[in-house]
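The points are numbered and may be followed alongside the display.

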Amino acid sequence: MSRDRRAHIRSRLIHGKAQTSRWDFSHHLVPPVSSTATFRLDTTARGAKGFQQFAAPTSQKGEPDPIYIYDRLDEPTRGMLEDNLAEAEGGETAVTFASGMGAVAAALLVLLRAGDTVVAHQRLYGCTYSLMTNWLVRLGVRTHFIDMTDLDAVERAIRKLDPRVLYFETPVNPTLELIDIAAVRRLRGRRKATIVVDNTFATPFCQRPLSLGADVVVHSLTKSLGGFGTVLGGAVIAPKRLEADLFLARKDFGAVLSGPSAWSVLVYGLPTLGLRIREQERTAGLVAEMLLDHPRVKEVRWPGLDGYRWQELARRQMQDWDGNFAAGTMIYFLLKGRPRESRRACERFIDYMAKSAYSVTLAVSLGQIRTLIEHPASMTHAMIPAAEQRKHGIDPAGIRLSIGLEDPRDIMHDLSEALRKA
Ligand SMILES: Cc1ncc(COP(=O)(O)O)c(C=O)c1O
């Protein structure tokens with residue numbers, strides 16, 4: 001057992017592998033940013049060996065002496081980040097991509113063939129929905145959307161459709177319902193379906209889907225793992241047997257995470273993940289309670305709130321690395337009123353915030369140190385046609401809030417002012 005293996009995960013995400021052949025930075029406390037498109041190969045024989053390593057079914061990850069050739073194939077900073085991401089999720093390997101969508105697309109591409117079926121939860125991030133309905137169909141892959149919180153529906157779909165992939169987010173973006181990963185795994189039984197979970201909302205601090213029975217995890221690094229909103233990125237954490245295909249998909253489709261972006265997640269994002277999430281989660285609890293008590297608010301969803309519908313599952317499924325309940329940093333709430341009325345009220349409320357609030361910013365994305373507010377029906381989930389939104393449970397009165405690191409009193413002040421005046 002090497003020196004770094006004995007440390008707890010929090011320390012490992014700061015120090016990474018104590019010794020790595022990816023880069024000799026024994027005199028650099030912080031790994032330098034690698035920013036080179038191509039690498040010196042020294043001899044034809046070394047170049048040939050590098051290409052063989054890269055193309056081999058078992059890729060060069062874990063090789064004692066990786067030979068870097070060209071940035072789009074592999075690169076040291078990304079490699080160090082991938083080692084740490086695999087650690088954080090408890091997976092065999094991680095492969096990074098230029099964005100979360102790059103990761104989602106690659107995971108699905110390596111798993112699916114023409115004629116296959118995907119069973120997915122009926123609510124998904126808008127671009128994932130678009131990927132399935134606009135692109136996978138062109139490749140001969142059909143997606144059936146069902147309510148995966150309903151385990152009977154999951155069982156029926158598995159029996160009837162024999163899907164190749166079961167795909168969901170939990171907590172779900174934006175509505176924060178939970179899907180029981182272990183139960184889906186039991187229902188899948190010995191069938192072929194691969195369970196893919198988008199863990200962007202929870203982050204590996206709050207939930208490790210692989211330990212609960214998922215096969216593959218996808219992430220948008222743009223969110224809490226990056227943490228500061230400065231870079232785009234994505235990652236797939238998967239069994240070793242998918243590694244070579246994931247590398248191949250990245251090489252050939254070209255959605256490569258840049259070295260400087262990888263560096264920022266490696267040096268700032270992952271090492272501060274636990275600290276940020278714990279603090280943001282504390283604030284989320286205060287904000288959720290405040291919203292719950294407000295006469296203009298119809299419903300509040302946050303997994304730590306009393307009365308939250310999936311509370312028992314949340315306590316079982318959402319735990320930090322020490323086994324403590326970890327409810328996350330996202331809140332979803334609905335304003336009161338009849339549909340058209342409440343949509344207008346939402347717009348007034350959010351526009352008031354955009355104009356007057358100091359600590360809450362109208363912007364999509366999430367998981368940053370700034371608190372962000374958005375209206376899913378007209379923004380992040382607008383790719384779902386208006387007529388389909390109701391069917392997919394995207395309520396026009398719904399508001400998504402991503403809690404940042406501001407003083408909770410300022411966030412609550414901004415929200416209550418807007419609720420009072422808008
Ligand atoms: C749950 C979820 N998955 C995937 C993505 C896509 O990530 P990216 O914007 O980095 O491509 C997002 C983006 O908002 C998301 O919220």
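1. Ala, Val, Leu, Ile, Met, Phe, Trp, Tyr, Cys and Pro count as nonpolar, Asp, Glu, Lys and Arg count as charged, and the others, including Gly, count as polar. The model to which these classes are applied here is a predicted one.

2. The shell around the ligand, sorted by these classes, contains three nonpolar, seven polar and three charged residues. In total, 13 residues surround the ligand. The closest of them are Gly100, Asp198, Ser220, Thr222 and Lys223.

3. Individual side chains may then be examined. Aspartate 198 has a polar side-chain atom 2.6 Å from a nitrogen atom of the ligand. In threonine 222, an N or O atom of the side chain is 2.6 Å from an oxygen atom of the ligand. For asparagine 173, the distance from an N or O atom of its side chain to an oxygen atom of the ligand is 3.0 Å. Of the 390 Å² of accessible area that the ligand has on its own, the protein covers 92%.

4. As to location, the ligand sits in the second largest pocket.

5. Two peptide bonds in the model deserve attention. The bond from threonine 170 to proline 171 is cis, with omega near -5 degrees. The bond that joins asparagine 173 and proline 174 is also cis, and its omega is about 5 degrees. Proline 171 belongs to the loop between strand E4 (165-169) and helix H7 (181-188), and proline 174 likewise lies in the loop between E4 and H7. The reader will recall asparagine 173 from point 3, where its side chain was described at 3.0 Å from a ligand oxygen atom.

6. A further backbone feature concerns aspartate 162. This residue is not a glycine, yet its phi is positive, near 40 degrees. Aspartate 162 is placed in the loop between helix H6 (151-161) and E4.

7. The model has seven aromatic pairs by the rule applied. Why is the pair of phenylalanine 54 and phenylalanine 247 edge-to-face? Planes over 60 degrees apart count as edge-to-face. The planes of these two rings are at 75 degrees, with the ring centres 5.7 Å apart, and the pair is therefore edge-to-face. Phenylalanine 54 is in helix H2 (residues 44-55) and phenylalanine 247 is in helix H10 (residues 243-253). The two residues are 193 residues apart, and the pair thus links distant parts of the chain.

Technical notes:
Residues are numbered from 1 along each chain as its sequence is written. This is a predicted model: local features need pLDDT of at least 70, side-chain atom pairs count only at pLDDT 80 or more; totals for chains, interfaces and linings use all residues. Side-chain values use heavy atoms; hydrogens and water are left out. A residue is near a molecule or strand if one of its heavy atoms lies within 4 Å of it. A polar contact is a pair of N or O atoms within 3.5 Å; within protein, one must be able to donate a hydrogen and the other to accept it, and residues adjacent in sequence count only if both atoms are side-chain atoms. Accessible areas come from the Shrake-Rupley method with a 1.4 Å probe; for residues, only the protein chains shown count as cover. On a 1 Å grid over the protein atoms alone, a cavity is a set of points where a 1.4 Å probe fits but cannot get out, and a pocket is an open set with protein on both sides within 12 Å along at least five of seven lines; lining residues have an atom within 4 Å of a point. A molecule sits in a cavity or pocket if more than half of its atoms lie within 2 Å of its grid points. Rings of Phe, Tyr and Trp (its six-membered ring) pair if their centres lie within 6.5 Å; planes under 30 degrees apart count as stacked, over 60 as edge-to-face and the rest as tilted. Helices (H or I, at least four residues) and strands (E, at least two) are DSSP runs, numbered from the N terminus.
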